[in-house]
Amino acid sequence: MKLPSEVRELLQRRFDNRHRDWLSDHGTTTEWPLDIPLGIPTEQAATARLDAMGAWIAAWRSWQGEGELAWTERRWRMLGTQRLPQMLRLEGPRQVAAWLGELERWDRANQRLALLGERWPMLVQRIGRLFGVLADYSQADFECLVATLAWLERHPDSGLYLRQLPIPGLDTKWIESRKAVLAELFCCITGRPGDTSDFHTLCGLRRPPLLVRMRILDPTLRARTGGIGDLATAVDDLAQLDIQPAKVLIIENLQTGLALDDIPGTVAFMALGYGATVLAQLPWVRNADCLYWGDIDTHGLAILNQVRSCLPTLRSLLMDECTLLSHRTFWTHEASQHAGQDLPYLHPQELAIYRALKLNTFGQAVRLEQERIEWRHAWPELVNALTPAHLRSTN
């Protein structure tokens, strides 16, 4: 005996699983009309649960909603003739949406789909999976989406920066948060093959240069840059520098890098994250002894793995189990762990830590951020790793 509340739960599950397909095919699939049996009991079952059957019948008698409710009669030996709710028939997804209080969103999504389909018919079969965009964007956001797609279609290789696009209502923050949607729709409209994650290339836009933050920790090397020791500039400009550091330190956290004092023959790069692979483009980095110091968490080790794929001799520093366990009181929790199971460029001890973190061996999603490591412990380790042996022996 399905009550209206139970039917609603059933329809909610079906809507959650199928509404994107329904939007794309306009409800023309063979699943319509949808007939939902309401579970008429046998006389024996009804007799055993008279109160429940009475509540079930009363609930459907008072029900007012979408769909066609079919009733039937049962002539029972003990209970006599009973008029019972037999079947609920829904003719299409709009009635399901009405049942669930989703009618406004459903209608808005369909209206916007029709508008897009009139201009770009090729979108109709693809955009159903973006139901949330059609249903939930504000009118201003939707109009901006259409205007941006139209402009990009007319100018597929403009070579402009995002901030240069002459589209009313468009700003960099708006487009940055919607790159994935725009890229997917633009690909479908133009038929352009390509990586939808590379938004700038796909849409023929100019990418702002990646600014790399570097500190020169050696006075002799600083003399070659006019005494400037803290630079934030494009990789192409860095490649032109006439310096040959013996050591290159790559640090995940900006403030940790800013805390560094002078170390002979050393430069430090800071806060590049997964973008640190760009350093492999610098000849004088490839010729140096490179070290990486990042957080002891799954993403810190994943960055190490990725950078080492470009700089094979890269060594890690202060990312070992001893450092992790000796700073237990400074542990925090990683909000979202890296998805990879094994990282091929990690050394055996590094990989062992990565696996242990993934398995929560030390605790749930443990992480030790590099700035939590006591400086009185970290600084001597850095100096020892970066200072040439002949200079260490004289101190």
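Reader: Which residues does Thr323 contact, leaving aside its neighbours within four places in sequence?
Author: This is a predicted model, where local features need pLDDT of at least 70, side-chain atom pairs count only at pLDDT 80 or more, and totals for chains, interfaces and linings use all residues. Residues are numbered from 1 along each chain as its sequence is written, and side-chain values use heavy atoms, with hydrogens and water left out. Contact means heavy atoms within 4.5 Å. With those sequence neighbours set aside, Thr323 touches Ile296, Leu318, Leu368, Ile373 and His377.

Reader: Is Thr323 buried or exposed?
Author: Thr323 sits in helix H16. Buried means under 20% relative accessible area, exposed over 50%, and partly exposed in between (1.4 Å probe, protein chains only). The relative accessible area of Thr323 is 4%, so Thr323 is buried.

Reader: What do the buried residues of H17 pack against?
Author: Helices (H or I, at least four residues) and strands (E, at least two) are DSSP runs, numbered from the N terminus. H17 covers residues 348-358, and its buried residues include Leu351, Ala356 and Leu357. The buried residues of H17 pack against helix H15 (298-310), strand S9 (315-316), helix H16 (321-326) and strand S11 (366-367).

Reader: At what angle do H15 and H17 pack?
Author: On the H15 side, Thr298, Leu301, Leu304 and Arg308 meet Glu350, Ile353, Tyr354, Leu357 and Lys358 in H17. Axes are lines fitted to C-alpha atoms, for helices over the stretch in contact, and angles run from 0 to 180 degrees between N-to-C directions. The H15 and H17 axes are 9 Å apart, and the packing angle is about 145°.

Reader: Which element gives the largest share of the lining of the largest pocket?
Author: On a 1 Å grid over the protein atoms alone, a pocket is an open set of points where a 1.4 Å probe fits, with protein on both sides within 12 Å along at least five of seven lines; lining residues have an atom within 4 Å of a point. Here the lining includes Ser316, Met319, His347 and Gln349. Four lining residues, the largest share, come from H17.

Reader: Where is Thr225 in the chain?
Author: Thr225 is buried, with a relative accessible area of 13%. Leaving aside neighbours within four places in sequence, Thr225 is in contact with Ile216 and Leu241. Its place is the loop between helix H11 (219-223) and strand S5 (230-234).
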